[in-house]
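Work through the exercises below with the structure open. Each task is followed by a solution in steps.

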Amino acid sequence: MDEITKQFEKLDINTCSLEDLKRINGIGGTISSNIVNYRSHHGQIKSVDELSKIDGIGPKKMQVLKVETQVYENKSKKDQQKDPSNSVNNLSLTSTGEELPDPPRLKPGRYIFISYASKDLDVVLPIMRKLLEQGIPIWIDIQQISPGELWDAELGGALRRCKGMVCCLSEEWFASQNCRTELRAMRRRLEAKEIPSNAICPIVIKKWKGEIPDDCYYNLSGDSTQRVDFTVAAYLSERWLACAESLISQLQVILKS
């Protein structure tokens, strides 16, 4: 391929690097990182339109991305599985070094849905690993959604069939429309008495500035237990482990309801 052709070729959104994305005018480092995180957690992107689901990408950004990027079907399924950037189970890049075990078989109405912001993954994973070690069945997207599966359908089905939800509260969680949509879906199920009154279990994983947004304040108002605050303790300290045990006890009560 000659140099002129390279200059006008669109980026492959599934294989381009973070630095490639940063070079797109009008996209910037934050959105570039969000795209890479989304790709790592949810697998191969099937169309450029799918990028609209990512935090920070509105209509104007989408116009730029449609001009500058494309989905190339130039990899076999086998190649995609070998590519660490497309693997939903590739969690070795997190600062904690945490990995989750193989996804368990989940029975409808017998598991807990985990709602979190992708930017908080490093903080969320150690807590989720502790839950799994103690036998708490959880549904978390990076473990349960495989490459090629329909993201919206899998999320919707998981929300419809779970017994409860853990909301991993942080500045990023409140800023995420996806997280707030998940909370609204569970609130509707709670009001319809499809799930126990204590089914929504918020935990604090990072402090946030200002007040809780009005819609979240209402939708979180049904939680009757003391919120577990993981920000008060260092990872794996006695206090952190006590927080984990408190969360486990709350979830056991939800699952037995």
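**Exercise 1: a surface patch**

Tyr235, Leu236 and Leu241 together make up a nonpolar patch on the surface, with about 260 Å² of accessible area. The model is predicted: local features need pLDDT of at least 70, side-chain atom pairs count only at pLDDT 80 or more, and totals for chains, interfaces and linings use all residues. Residues are numbered from 1 along each chain as its sequence is written, and side-chain values use heavy atoms, with hydrogens and water left out.

Task: state where Leu236 is placed.

Solution. Step 1: patch members have over 30% relative accessible area and no salt bridge, and nonpolar side chains (Val, Leu, Ile, Met, Phe, Trp, Tyr) are joined within 5 Å. Step 2: Leu236 sits in the loop between strand E7 (228–229) and helix H12 (238–256).

**Exercise 2: the largest pocket**

Task: describe the space and lining of the largest pocket.

Solution. Step 1: the space in the largest pocket is about 390 Å³. Step 2: the lining has 25 residues, and Asp55, Ala117, Ser118, Ser176 and Asn178 are the closest to the centre. Step 3: helix H3 (28–42), strand E3 (112–115), helix H8 (151–161) and helix H10 (177–191) each give two or more residues to this lining. Step 4: H3 gives the most, with five residues.

**Exercise 3: Asp141**

Task: decide whether Asp141 is buried or exposed.

Solution. Step 1: Asp141 is found in helix H7 (residues 141–144). Step 2: Asp141 counts as buried because its relative accessibility is 11%, and buried means under 20% relative accessible area (1.4 Å probe, protein chains only).

Methods:
Patches are made of residues with over 30% relative accessible area and no salt bridge: like charges are joined within 9 Å, nonpolar side chains (Val, Leu, Ile, Met, Phe, Trp, Tyr) within 5 Å. Accessible areas come from the Shrake-Rupley method with a 1.4 Å probe; for residues, only the protein chains shown count as cover. A salt bridge is a side-chain nitrogen of Lys or Arg within 4 Å of a carboxyl oxygen of Asp or Glu. Helices (H or I, at least four residues) and strands (E, at least two) are DSSP runs, numbered from the N terminus. On a 1 Å grid over the protein atoms alone, a cavity is a set of points where a 1.4 Å probe fits but cannot get out, and a pocket is an open set with protein on both sides within 12 Å along at least five of seven lines; lining residues have an atom within 4 Å of a point. Grid points are joined across faces, edges and corners, and a volume is the space filled by probe spheres set on the points. Buried means under 20% relative accessible area, exposed over 50%, partly exposed in between (1.4 Å probe, protein chains only).
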